Amino acid sequence: MIVAERKPFEEIYECVKRHRKVLLLGCGTCVTVCMAGGEKEVNVLANQLALAARDRGDDVEVMEHTITRQCDDEFFDEATMKKVAEVDAVVSMGCGVGVQFCAAKFGDTAIYPGLNTKFYGATLEQGVWAERCAGCGECVLGDFGGVCPVARCSKSLLNGPCGGSADGKCEVDPENVDCAWQLIYDRMERLGRLEELEENRPMKDWSTNRDGGPRTVTREDVKL
Amino acid sequence: MSEQKTLKSGSRLEKILTEGHFAVTGELGPPKSADVEIIKKKAGYLKGVVDAVNITDNQTAIVRMSSMAAGLFALQAGLEPVVQITCRDRNRLAIQADVLGAQACGLRNILCLSGDHQRFGNHPGSKNVFDMDSIQLINMLKRMRDDKVFACGDEIRNTKKQPVVEPRPFIGAAANPFGDPFAFRVIRLAKKVKAGADFIQTQCIYDMERFKRWMTEVVNRGLHEQVYILAGITPLKSVRMAEYMRDKVAGLSVPDGLIERLEKAENPREEGEKIAVEQIQEIREIPGIAGVHIMAIEAEKSVAGLAEKAGLLPRPA
Amino acid sequence: MDNEPNIIAFCCHYCAFTAADLAGTMRQQYPPNLRIVRLPCSGKVDVNLILQAFVEGADGVMVAGCEIGSCHFIEGNKRAVKRVAYAKKLVEEAGVNPARLEMFHIAASQGPLFARTAHEFTEYIKKLDAEAAEVPLATAAVDGESA
C-alpha cells in the first residue's frame, strides 16, 4: 500500500484559512489502512480545524466526506461532486495520487494536500509501517531471496553489503532499519542459494525507474 | 615486450607492487575550502614517505575540494595520487567524464567506493545517486581501460576518424573485513577482484584476530594472488578517538586491550603511534599482504615519523 | 454567561463510573457541572470523542479508567493513556491548552477519590478560564503550555 502521514496542523490550517468553506476529502484505501487519511482521520482534522478557527476567530466552515478511492474516476460519484461544488477548497486526505486526481476532477476548486506521501510499504505491526518497494519498474526480488536491495538498502547496492552493516542493522538508522543485505544473505543461506550472491550483478537499467521520466502502463486488451 | 606494456596503468604504485616491494600508501583529505596551500602543505609531509596518496572524495559526506582537482595539485606537488571516486554523488555520465579527465591530467590510480551515506555529512538533505555500486564502478573502469568502451558500449574515441584514447587507471577498491555479515566479506572481495580491482585497501584494522581470520579465507580462495592487498592503519591519537571508532563507526571493533594501553599511557599520542608500529610489523608477517595504507586524516604530519619507526623508509624510487 | 465550566468525564463502567456512583451513595459532593459519559472501558475512548467534546463546548475533559494492572479488558486503560497523550497533542495544535484534558486512574471503591479528583479538576479548569480571560486570545494557549 501507499503509506502516508498527516501534514503538520499549521501547514494545513494556513491553506484552509484562506477559504470560507472547505471540504476534507478522505480516501478509503491505502491511507485508511495506514491511518493517515481515512474517515476517522478526516473527522480528527475537522474537529481540530473547528477548534482552531474558533480560537483564532477565523470564519471557516469545514465539511467532511470520504470516498472509497481517490485514484479512480468511478468513485467520484454525484454526491461527491455536489459537495465539492458547494465549497471553495478541498483538502485531499489521499496520497499524492489522490490529490492530483482531485485537482484534475475538480476544475476551478482549490485543492490542497492534507498528507505527506511517504512510500510503498507494509504494516509491520499496528502503528508501524515500513518501506518495501521503490517501484523501480524491473523487479529483481527473485534474485535476492525476496528482499529488495533497491528499496531496502540505503545505498541500493546490488552486489552485497557496504561496511556499514553491523549486527543486522543499517548504519543509516540502526534503531529502525535492518541491513537489507543481512536479510538477503540470511534468506539465500536458508534457501541454499548463497553461491548466486557471488555473481557480479551489472549496473541496473534505471530507465524503467522514474529516471526514465513519468511512467504509464497501458493494456489495450482491457481498454473500453 | 617492454615492461611498460605489461603494466596496466604505468602508475608508480603499480610498479612498486609489481616489483614486489612492500607498498605504503597514505591519505590526504582535500580542504573544506578553495585553499590550495593546505594541499601543498600536507603534500610536503607525505612526499617521499609514501608511494601514493589517496585523495578522498567528499569523505564522510562532507563537502571538500573535488578529489580530481586536489589530486592534480597533489601531483604537481610531487605526490602520486590515488583519486577516490564514490558512487554517492555522481552518476555514470559524471564518473566516466571524470575518469577521462583524470587520465588527461596524469592521475593514474583510481579507488572505487560506494561512499558514506549523506546522512552522516553536512548535507543530509541532499539526494544521493548510487546509479551503481562500487563493484559495478570497478567493472566500468576496467571495461573503459581494457575493452576501451564506455558503459554504454560505445568506443572511447572522439569521432570515428580519431583514435581511441582510453583512460588507463590502476584500479583500486576498498574492503571492510569488519562489517557484517562476516561470511560475506570475503565474497565481496572476490566480487571486487572479479570486477577488475588491481589493488585493495582495507578499512583500518584494530581487531587483528578478525583481520587474520579474514586474510586466511582470502588466501584460501587465492585472492591474494589476483589482487594486491594493502592493510589499513589509522594511528589512534587518544582514548576518545579509540572510543569513537569503537562506538560510532559501524562494524569497527577496537579491542579493550588497546584502549587500556592508551588510558595507561602518559602520552596517548605516542602510545598510539607505538601501537601502529606494532600493527604494521604484525601485518607484514601475514601471508598475502602487499603493503599498508596509512590513513592519518588531518594528521598527515605524523605519517613520516610512523613510517620511519615502522622501518618503511626509505621508499623505493 | 455563567462562569461554571463544562466538564466532560469519560468514565470506565468498571471503575471510575462505579466510583462516581459510590461517591453519590456516600454523599460525597462533586461539582454539578461535571457530566459523566459512561464507557464500557476507558480504552473505548477515541481521540475523536475527546476532540468532539471540546468542539461542542467542553472546557475540560477527564478520562477516568482503572488503575494500571486492573483493567477489566486487560490493557484498555493503557491504550487510553496513549490516546489521551495523542489527543493532548491534537488539541494543542488546535489552540486548546492540553492541560484541559487529563487521564485519571480511579478504582471502583474509591468514591472519595473520584469526588476529590472531580473537584480539583473543576477548580483547575476554572483557574485556567480565569487566566485565559486575562490575557489576549492569541497568547492564551501559549501561556497555558508553560503552566
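Modeller: Two strands pair if DSSP finds at least two bridges between them. With that in hand, ask away, and keep in mind that this is a predicted model.

Colleague: Thanks! How many bridges join β2(A) to β4(A)?

Modeller: Strand β2 of chain A covers residues 21-27 and β4 of chain A covers residues 89-92. They run parallel, and Leu24(A) stands opposite Val91(A) of β4(A). The number of bridges joining the two strands is four.

Colleague: Which strands of that open sheet in chain A stand at the edges?

Modeller: The sheet has four strands, paired in parallel and ordered β3-β2-β4-β5. An edge strand here has a single partner strand, so one of its sides is left without a neighbour in the sheet. From one strand to the next, the twist averages 25 degrees. The edge strands are β3 (61-67) and β5 (110-113) of chain A.

Colleague: Which helix of chain A packs on the sheet, touching β2, β3 and β4?

Modeller: Its direction makes about 160 degrees with that of β3(A). It spans residues 78-86 of chain A. The helix is α4(A).

Colleague: Is Lys204(A) buried or exposed?

Modeller: Lys204(A) lies in the segment after α7 (180-190) of chain A. Setting aside residues up to four places away in sequence, Lys204(A) touches residues of chain A including Cys136(A), Glu138(A) and Leu158(A), as well as Arg92(B) and Gln136(B) of chain B. Its relative accessibility is 5%, under the 20% limit, so Lys204(A) counts as buried.

Colleague: Which chains have the most contacts between them?

Modeller: Two pairs of chains touch. Chain B and chain C are not such a pair, as their nearest C-alpha atoms are 27 Å apart. The most contacts are between chains A and B.

Colleague: Let's move to chain C. What pattern does it follow along the sequence?

Modeller: Chain C has five helices and four strands. Of its 147 residues, 45% are buried. Among contacts with a separation of 6 or more, 78% join residues 24 or more positions apart. Read along the sequence, the pattern is β-α-β-α-β-α-β-α-α.

Colleague: How many of the six residues of β3(C) are buried?

Modeller: On one side, Gly60(C), Met62(C) and Ala64(C) are buried. On the other, Val61(C), Val63(C) and Gly65(C) are buried too. β3(C) is therefore largely enclosed by the rest of the structure, and its count of buried residues is six of six.

Colleague: Which residue of β4(C) stands opposite Met62(C)?

Modeller: β3(C) pairs in the parallel sense with β1(C) over five bridges, where Ile8(C) has Val61(C) as its bridge partner. β3(C) also pairs in the parallel sense with β4(C), residues 101-105, over five bridges. In β4(C), the residue opposite Met62(C) is Glu102(C).

Colleague: Why do the buried residues of α1(C) line one face of the helix, and within what arc do they fall?

Modeller: The buried residues of α1(C) include Ala16(C), Ala19(C), Ala20(C) and Ala23(C), and among the elements covering them are β1, β2, β3 and α4 of chain C. The face turned away from the buried side carries the exposed Asp21(C) and Thr25(C). An α-helix has 3.6 residues a turn, so residues three or four places apart point the same way. Seen down the axis of α1(C), the buried residues line one face because they fall within an arc of 100 degrees.

Colleague: Over which residues of chain C is the pLDDT below 50?

Modeller: Chain C averages a pLDDT of 89, and 90% of its residues score at least 70. Where pLDDT is low, the predicted coordinates should not be read in detail. The stretch below 50 has seven contacts in the model beyond near neighbours in sequence. It covers residues 140-147.

Terms used:
Residues numbered from 1 in each chain as written. Chains lettered and ligands numbered in written order. Predicted model: local features only at pLDDT ≥ 70, side-chain atom pairs only at ≥ 80, totals over all residues. Heavy atoms only, no water. Buried < 20%, exposed > 50% of the residue type's maximum accessible area, 1.4 Å probe, protein only. Arc of directions from axis to C-beta. Contact = heavy atoms within 4.5 Å. pLDDT = per-residue confidence, 0-100. Axes fitted to C-alpha atoms, helices over the stretch in contact; angles between N-to-C directions.
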